[in-house]
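Hi everyone, thanks for coming.

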Amino acid sequence: MGELLEQLRGVVQGPVFGPGDEGFAAEVAGFNLAAQHRPEVAVGITSEADAVAVVRTAAASGTPVRVLATGHGSPRAIEDGVLVNTSRLSKVRIDGRVAHIEAGCRWAQVVAAAAEHGLAPITGASDAVGCIGYTLGGGLGPLARTYGFSSDWARGFRVVPGTGEVVTADAEQNADLFWALRGGKGGLGLVLSMDFELVELTSLYGGSLFFAADDIASVFTTWVEWTKTVPETVNSSVAILRLPPLDAIPEPLRGKTTLTVRYAFVGDPAEGERLLQPIRDAGTAVIDGVGEMPASDIALIHNDPKGPLPAWDRGMLLNDVDAGFATALLEVAGPDQQLPLVAMEIRHLGGATHRDVPEGSAVGGRGGGYSFVLIGVPDPSLFENVLPAAADRVAGPLANWISSEHTVNFAGAFDVPGSYEGSWPADTFARLTEVRAAYDPDKVFPYGPA
């Protein structure tokens, strides 16, 4: 590997590190502290030319290439090959209603740049997530029912596939690759930038409500039934949180089990307030943070941690939820149960998420009615056995509601058997396999279960 290291140093303008070099650890550090990356070589690219040089040099030696940007990154430790860090490609440019986003950007940069023009991207719940990796997997954010998967708004990509040249993939050029990049996630190349259409949106009626343990059953059951009645301008999720006794947590929630309802309505604030009233009436909120807000503050609705931290989660889709589901979940995971899970979140999908873009895309999970994500206590000693067992304990009684469909951004490291193949419908998975083979015939960009 020393020979490859020197070859890369000779053709790449950005920094090239071996495991013993100062700066290596910082170059490979990701959001999930439980995934300690230790590739054979780390490269910080600074241009398209750097990207081409890395891919061609690695391909010539039969060395695999993987990509690390600035967001949540790989949930699995990378321990071989070349790891390409794209964080130095960090520019955002707004041109009309399109944002040109380089590969190292996080959503916070795009949100801020778009807001200056009265526009907003259809982004994820966290603005610390990297734009490219999130969008490649589809992306279900706080406005998904109203505007669809985030990848539906991608309008083109600049990519270096395994064949080693820079290509544009959009509706007119390399349309098969463009189809795959909107939802196909990995194994398709090194994405350098993305053109992303923005929407005219300056404000929302949104935020979060928090309820004490005694109100969890009432509010959760009401939310389940309420989601059957709301229009697709209403976006919401509900989460049961088991919070530690930390000073950073607001006193009414500190060290307690609570339920939060996240809400985002696009339209007249008075109508948004009216539509939310059944949830407010279902319990007494200990914190009510819902009101009119700038669209640029959308990340405050979920207020996800910025990280880095050790992270474990398991995600799935639900076909539907009903009173039986509410009863079953509360029996196994309600406030009286002791579980090593800090959060159990259910997001209401449907609406625009069920409608594909006119030209089609590789997104999996469009048939899901809800998503269900379990987030474990951030203690790596629990990740191998304790948290999987806890997730099995919760999911087992819910089998009748769990969908056979999946979506890849919730599939984690594909540790659950079948979660890789199940992230797409069978025909989409087969077509993705063909596109990957066409653009990366030598499998320079390995992807899938370990």
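Which side chain meets that of R88 in a salt bridge? The partner is E27, at 2.7 Å from N to O; by salt bridge I mean a side-chain nitrogen of Lys or Arg within 4 Å of a carboxyl oxygen of Asp or Glu. R88 sits in the loop between β4 (82–85) and β5 (92–95) and E27 in helix α2, so this pair ties together parts 61 residues apart in sequence. Helices here are DSSP runs of H or I with at least four residues, and strands are E runs of at least two, numbered from the N terminus.

Before I go on, this is a predicted model: local features need pLDDT of at least 70, side-chain atom pairs count only at pLDDT 80 or more, and totals for chains, interfaces and linings use all residues. Residues are numbered from 1 along each chain as its sequence is written, and side-chain values use heavy atoms, with hydrogens and water left out.

Back to our pair: E27 is buried at 7% relative accessibility, while R88 is partly exposed at 35%. Buried means under 20% relative accessible area, exposed over 50%, and partly exposed in between, with a 1.4 Å probe and protein chains only.

The count of salt bridges comes to 18. Another of them joins R262 and E345, with the closest N and O atoms 2.7 Å apart. That one links strand β14 to strand β18, 83 residues apart. Here R262 is buried at 10%, and E345 is buried at 8%. There is also a network of salt bridges linking E6, R9 and D21.

The whole structure has three cavities of 30 Å³ or more. A cavity is a set of points on a 1 Å grid over the protein atoms alone where a 1.4 Å probe fits but cannot get out, and lining residues have an atom within 4 Å of a point. Volume is the space filled by probe spheres set on the points, which are joined across faces, edges and corners.

The largest cavity holds about 130 Å³. Of its 17 lining residues, G141, P142, N235, S236 and R347 lie nearest the centre. Strands β14 (257–265) and β18 (341–348) are among the elements that each supply at least two lining residues, and these are the strands that carry R262 and E345.

The second largest cavity has about 50 Å³ of space. Its lining includes V111, L143, L201 and I298.

Technical notes
1 Å grid on protein atoms, 1.4 Å probe; cavity = no way out; pocket = protein on both sides within 12 Å on 5 of 7 lines; lining within 4 Å.
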